[in-house]
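Hi,

Here is the structure we talked about, sequence included. Have a look at it first, and then read my notes below.

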Amino acid sequence: ASVTFANTGALTLGDSAADLFSFAAGLTAKASSSLTLAGSFSAGDTVELGAATLASAVSIVSGSGLTVGAVASAANALSLEAAGVLALASMADTRGGLRIVDASTATVGALGTSFAGPLTLVDSQGAVSFTSAVKATTLTLTSNQAGGVTFAGSVTADTLSAASGAGDIFWQSDITVSGQATLLNTGTVTLGNQNTDTFAFQGGLGRSGGATELRGSVYTSNFASITIGDVVFNGTSSITTTGGLIALQGAVTLSTGSILGLVSGSGTIALSGDVDGALIGAGALSIGTGGTVTVSGAVGGTKAIGFLTLNSSAGAQFAALNVGNLTLATTAAGAGQLVQLAGDATISSGMSIGSGAYDLSLTGSAVSVAGATVVGNTGRLVLGNANDDSFTFKGGLTATAPTSVALRGTVATVGNTSLSL
């Protein structure tokens with residue numbers, strides 16, 4: 001039968017980490033004015049405990065549900081394992097470590113708010129929800145988080161890792177990780193649900209294995225890098241490094257109304273997958289860095305994006321483009337540096353070219369630009385690198401500012417619009 005401690009005075013179960021308690025059925029201890037635990041506890045059925053103080057390392061294993069009130073750990077370790085629903089009210093001192101294993105759903109309150117320690121979530125098969133702030137030294141999510149993990153409050157950690165394996169991870173508030181963050185889970189990682197959410201991965205972020213959705217600001221410090229595979233950007237988002245690489249290595253999707261900024265003080269910005277709108281004309285992408293820019297995937301290859309802006313670079317190369325508006329700022333590149341549109345390009349609304357001293361090269365086999373195009377850069381201009389290259393400037397072309405113009409192929413305007421080189 002289940003064991004219930006109904007006394008309203010103090011209750012102490014164990015005084016050493018070596019103590020063992022085994023209950024064939026359930027265990028209930030919620031009435032006591034204080035509850036002190038030490039040792040290992042196992043029960044065949046539901047375990048319900050009130051607020052507890054740990055006198056040593058404590059392990060609790062339940063064959064069914066497990067509920068524990070607020071835990072005062074005194075820097076002792078706590079391990080919780082349940083075959084059913086698991087609930088932990090809070091644990092302000094996690095210096096000894098907290099380990100959670102759950103076969104069903106779990107709800108966990110504030111952790112490490114007084115003293116942070118290691119937090120490990122092991123093989124949870126149901127949905128796990130951290131409902132409040134979490135502070136940890138190491139935050140580790142092992143494989144097989146099949147039901148998904150949600151962090152509703154802010155997360156602060158020295159390091160963050162999620163092992164390969166199924167399961168979605170959803171961060172709904174700010175993250176600060178002072179060291180490296182490595183996320184390898186094959187489910188979706190969702191960072192943010194508000195434009196104001198911030199994610200500081202000071203030691204860098206490596207994300208692979210599954211898709212990512214981002215809304216808010218992601219940044220690193222010093223020369224730490226950010227590497228992400230397939231990613232969807234929602235709302236107003238940005239990725240910023242001081243001098244580290246920004247590498248988007250998979251498909252990039254800009255949702256309707258989304259605005260994405262990729263910014264680095266001196267790092268390389270590289271996009272190797274296609275960049276598409278969720279719908280035709282959706283999204284705006286701006287890029288600025290003191291380093292080089294390489295966009296080797298097609299921008300708008302499947303669905304055109306609305307706006308593409310190059311604010312600054314030490315030279316930039318784009319493959320195929322299909323965008324509504326293209327803007328090359330006055331500072332798009334430095335004097336004598338090259339901005340190259342190497343692939344076919346369709347610019348359906350217009351192109352603006354600033355008056356910087358950079359060189360500009362368009363060498364796709366078919367380039368079509370709507371609106372009146374004025375080439376403002378004062379470096380060199382190259383149009384075409386093959387005899388059959390074709391350039392159509394539907395609203396006319398004025399290219400009198402460049403120091404030189406090299407033409408190969410056919411340049412045409414539409415109707416009564418002018419062409420001036």
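This is a predicted model: local features need pLDDT of at least 70, side-chain atom pairs count only at pLDDT 80 or more; totals for chains, interfaces and linings use all residues.

**What I found**

Of the contacts in the protein with a separation of 6 or more, 23% are between residues 24 or more positions apart; contact here means heavy atoms within 4.5 Å.

Residues are numbered from 1 along each chain as its sequence is written, and side-chain values use heavy atoms, with hydrogens and water left out.

**Overall picture**

The protein has 50 strands and zero helices. Both come from DSSP runs numbered from the N terminus: H or I of at least four residues for helices, E of at least two for strands. Along the principal axes, the C-alpha atoms fill a box of roughly 95 × 35 × 30 Å. The radius of gyration is 29 Å, whereas a compact globule of 421 residues would have one near 22 Å. That radius is taken over C-alpha atoms, and the globule rule is 2.2 Å times the number of residues to the power 0.38.

As for surface, the protein exposes about 15,400 Å² of accessible area, with 53% of that belonging to carbon and sulfur atoms. The areas come from the Shrake-Rupley method with a 1.4 Å probe, and for residues only the protein chains shown count as cover.

**How the strands pair**

Two strands pair if DSSP finds at least two bridges between them.

Strand 43 (residues 366-369) is joined by three parallel bridges to strand 41 (residues 345-353), where Ile347 stands opposite Val369. Strand 43 also pairs with strand 46 (residues 390-393) in the parallel sense, over four bridges, and Val369 has Phe393 as its bridge partner in that strand.

Then there is an open sheet of three strands, in the order 44-47-50, with parallel pairing. Strand 44 (373-374) and strand 50 (419-420) are the edges; each has a single partner strand, so one side of each has no neighbour in the sheet. Two bridges link strand 47 (residues 397-398) to strand 50, and Leu397 stands opposite Leu419.

Ser255 sits in the loop between strand 31 (252-254) and strand 32 (259-264). Is Ser255 buried or exposed? Ser255 is buried, at a relative accessible area of 13%. Its side chain reaches the backbone oxygen of Phe233 at 2.9 Å. Setting aside neighbours within four places in sequence, Ser255 is in contact with Phe233, Asn234, Gly235, Ala278, Ala282 and Gly283.

Cheers

How values were computed. Buried means under 20% relative accessible area, exposed over 50%, partly exposed in between (1.4 Å probe, protein chains only). A polar contact is a pair of N or O atoms within 3.5 Å; within protein, one must be able to donate a hydrogen and the other to accept it, and residues adjacent in sequence count only if both atoms are side-chain atoms.
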